[in-house]
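User: Could you take a close look at the salt bridges in this one and walk me through them? Then carry on into whatever surrounds them, with cut-offs as you go.

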Amino acid sequence: MKEIKYPTGRAMHQLATELFPICRSLTGQGVRTTLNLLTQHVIGLQVHEVASGTPAFDWVIPPEWNIHDAYVIDPSGQKIIDFKKHNLHVMGYSEPVDCTLEYSQLVSHLYSLPEQPSAIPYITSYYQRRWGFCITHEQLQALPLGQYKVKIDSSLTDGHMTYGELFIAGETEDEILLSTYICHPSMANNELSGPVVATFLAKWLQQCPTRRYSYRIVFLPETIGSIYYLSKHLEQLQKNVKAGFVLTCLGDERTYSYLPSRLGSTLADRVATHVLKHLVSAFDSYRFLDRGSDERQYCAPGVDLPVCSVMRSKYAEYPEYHTSLDDLSLVTPAGLEGGYDVLQACLKLLEHNAFYKVTVKCEPQMGKRGLYPTISTKDSTAQVANMMNFLAYADGTKDLIEIADIIEVYAGDLYDIAIVLEREGLLKQSFVPH
């Protein structure tokens, strides 16, 4: 039987395909439908509701928005804009409207992208009441003068914001935080790649026979969701979270990207840069000044969680971003599997990372342990260079990642060496500096 390429990527792409048609926003039935589908894939995923009007630091949970239908009918009686054909056609959080307008009145409620004339833009107005439609610039330019029938069948009511949370217990209370968002409508890379990669990482973590860390995975509406979550759990998160990642834009095949925490030197930053340096051919490195997702909240002053972002093409840096062109052809099984692999490698490295201290003075006699060639040649030193260099820096003050960076090898390979050296009694490890 022919091997299927990217089996995990294909499974993730299938899940993204199921989620793609759902109209999500900060609140509403689309978010609930999305989370209900994810609960079929993730054992133990808990769904929580937060009432509109609930305070969250400087913010308040907004009214719940739901939409059932929306369209524009032109002067000839044709339905030219139809929410049911593409949910990006309606500005997010549009208030209800049912009226007839002249073209000159309608046009101020229409949004397009002149620089991308075939794309429908993604536009929202969460915190100020208005309504609008999003169309291609080609369509806008073709609209005739006359009267238009406009209808948006939506509601803004006191309801709830919905989010998902999964906790996977490990051997310690130390936690790794994975955060992704579920608040955008039909966009594949910017929205769905994060939740589907998070879902499959959760499946993998639950199948691991042992876990040193506990894992907290949250599926939140962007910005307001993370702000609310922090407002309720900040003390616990500051106490327990040792590293974290925002999962977004993980599905295309173009590049890899790294956006640091505000501090830039956390364990998460060190793991992310080390993995990317050794496992991918190249990656784009950004500054915290280039932030735009929930790292803004996790790294805010007074919060300062060790959270960074590992992505494929970074949000706002690829041309399809926040448009209808960010579809299921941009996100591929290969792209998703690449994003998954890098995040999985980061989590594996976190699990393996420790401080190591050699147990003998001077160089140990490696030959009697079968760890060194008994005949010395010019190549023998090279054969065991990584092993000897590891021992040379294993003073108990440096962790696996720091030693790997110094001797310029991948820490995952160095961990395999550490297992051998520990077995021979030449190393001891600790999760705190000796």
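Analyst: **Salt bridges and their surroundings**

R270 is partly exposed, at 25% relative accessible area. On this scale buried is under 20%, exposed is over 50%, and partly exposed is in between (1.4 Å probe, protein chains only). Bear in mind that this is a predicted model: local features need pLDDT of at least 70 and side-chain atom pairs count only at pLDDT 80 or more, while totals for chains, interfaces and linings use all residues. Numbering runs from 1 along each chain as its sequence is written, and side-chain values use heavy atoms, with hydrogens and water left out.

R270 makes a salt bridge with D399, with 2.6 Å between the closest N and O atoms. The term covers a side-chain nitrogen of Lys or Arg within 4 Å of a carboxyl oxygen of Asp or Glu. R270 sits in helix α7 (residues 267–279) and D399 in strand β18 (residues 395–399), so the bridge ties together parts 129 residues apart in sequence. Helices (H or I, at least four residues) and strands (E, at least two) are DSSP runs numbered from the N terminus. D399 is buried, at 4%.

In total, the structure holds 16 salt bridges. D98 takes part in a couple worth a look. With K149, the closest N and O atoms are 2.5 Å apart; K149 is in strand β9 (residues 147–157) and D98 in strand β6 (residues 97–102), 51 residues apart. With K151, the N to O distance is 3.4 Å, and this pair again links β9 to β6, over 53 residues. These side chains count as partly exposed: D98 at 47%, K149 at 30% and K151 at 25%.

Back to R32: this residue is in helix α2 (residues 29–39), where G30, V31, R32, T34, L35, L37 and L38 are buried. Those residues pack against α1 (7–19), β1 (46–51), β4 (64–73), β10 (160–168), α5 and β12 (214–220); contact here means heavy atoms within 4.5 Å.

Some of those strands turn up in an open sheet of eight, ordered β1-β10-β12-β11-β13-β16-β14-β15 with mixed pairing. Two strands pair if DSSP finds at least two bridges between them. β1 and β15 (284–285) are the edges, each with a single partner, so one side of each has no neighbour in the sheet. Inside the sheet, β13 (residues 241–246) and β16 (residues 307–311) run parallel over three bridges, and V246 has S309 of β16 as its bridge partner.

Then there's the nonpolar side. The largest nonpolar core has 81 residues, and F245, L347, F390 and L421 touch the most other members; helix α5 (residues 188–207) gives the most, ten residues. A core is a set of buried Ala, Val, Leu, Ile, Met, Phe, Trp, Tyr and Cys residues joined through side-chain atoms within 4.5 Å. Beyond four places in sequence, L421 contacts M366, L371, M387, F390, L391, L426 and L427. A separate core of 55 residues includes W65, L177, Y181 and L230.

Last, cysteines: there are zero disulfides, a disulfide being a pair of cysteine sulfur atoms within 2.5 Å. For C308, the closest cysteine sulfur, in C346, is 7.3 Å away, too far for a bond. C308 is buried, at 0%.
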